[in-house]
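Here are my notes on the aromatic rings in this model, as promised. Have a look at the structure first, then read on.

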Amino acid sequence: HLNFMNPHAIDFTNRHILVVGDVMLDRYLHGQVSRISPEAPIPVVHITKGYIEERPGGAANVALNIAAMSAKVTLFSAWGSDEPGSILTEKLKAAAVDTCFDVKMGFQTIVKQRVLSQHQQLIRLDFEELNPEYDLTNLFHLYCAKLPFAQVVVFSDYGKGIAAKVPDIITAAKQQNIPVIVDPKGMNFNIYKGATLLTPNRKEFEAVVGACRTEEEMRAKALKLIESLELTALLVTRGEQGMTLFLKDQQEFHLPARVHEVYDVTGAGDTVVAFLAMALADNWSLSEATILANTAACVVVGKLGASTVSPFELKNAFYQNGIADRGIMTEEQLVIMREEAKSRGERVVMTNGCFDILHAGHVAYLEQA
């Protein structure tokens, strides 16, 4: 599926993904700092008209990433009957996201408000009702009605209350042989039992299984978690060390992080699960889906705040980077990559030296390789 010479072949227009999870409104206030407050040693930020941005966040950002690739997406969530809730509804509708949601009277829609100057966050203010009690019965019935028309389900857990129904969501999908991808939260991974793929970051993973000092220790703990939770696979995102896909009874698949400038990691996890879902909906293998998700994440971390990836940006990323097996990795990861290459019948060429210039000697051995 991943024809790196022809990324135009990537097309998800006929795929339908269901996204269930917690949503919020991300608000960005951009201003200039020219003085320190006389009241306290803090910067005074002058917010001018037109410099306030509002974007759907959380599970809604997952849905936006899917809609941006022209795939069909239905979002299931709950938010308040207030102004932020109305803004969420309007923006999701404008992005062609099909929404099935409960509007809760008296419930406060979660708002994460960031104040920025010169593209740097100065402070984040969270407006939310702690530990809200949801009645998700109606939402679950709507989900079950849409399930027969979907190829993949994504559960995006932000720990805001929607997770109460996740065991039922997974069970219903499994009964119809529909894969479920879960972006987890917290330390109770047992509620995700039976999911197809779990995508914790390294911090979340180690909070559940304990610290991993070596690649082998990480692999052993990942496989044990796969077995205990009855997963098909586990994808651990590892920041500057890339991401590693663990599969039962198979060699792990590691993608090193590409060398690029990281601007803002907000929403990168949303992009990863969105592209994993679209790839699996189109019958890609888990390793192919991981390559696609890694490429998309590399694009989105170069943007400010939670954002999406356009088809043009994705194609451009493939043209620029080619095959994804490149970048900085540990010695242990290098050994794994070498064995994978040899198993595919490929030859491994090793070199060292300085690459500040390209001269005839470099060209000669590159031609030989």
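The points below go from the overall fold to the rings.

1. First, the ground rules: this is a predicted model, where local features need pLDDT of at least 70 and side-chain atom pairs count only at pLDDT 80 or more, while totals for chains, interfaces and linings use all residues. Residues are numbered from 1 along each chain as its sequence is written, and side-chain values use heavy atoms, with hydrogens and water left out.

2. The protein has 11 helices and 13 strands (DSSP runs numbered from the N terminus: helices are H or I, at least four residues; strands are E, at least two). Of its 369 residues, 49% are buried, meaning under 20% relative accessible area with a 1.4 Å probe, protein chains only; exposed is over 50%, and partly exposed is in between.

3. Five aromatic pairs turn up in the whole structure. Trp79 and Phe101 make a stacked one, 4.3 Å centre to centre with 20° between the planes (rings of Phe, Tyr and Trp, its six-membered ring, pair if their centres lie within 6.5 Å; planes under 30 degrees apart are stacked, over 60 edge-to-face, the rest tilted).

4. Trp79 counts as buried because its relative accessibility is 2%. Phe101, at 22%, counts as partly exposed.

5. Phe76, Phe140 and Tyr143 form one aromatic cluster. Over the ring of Phe140 sits the charged end of Lys165, 4.9 Å from the ring centre (the cut-off: NZ of Lys or CZ of Arg within 6 Å of the centre and within 35 degrees of the ring normal). Likewise, the charged end of Arg55 sits over the Tyr28 ring, 4.7 Å from its centre.
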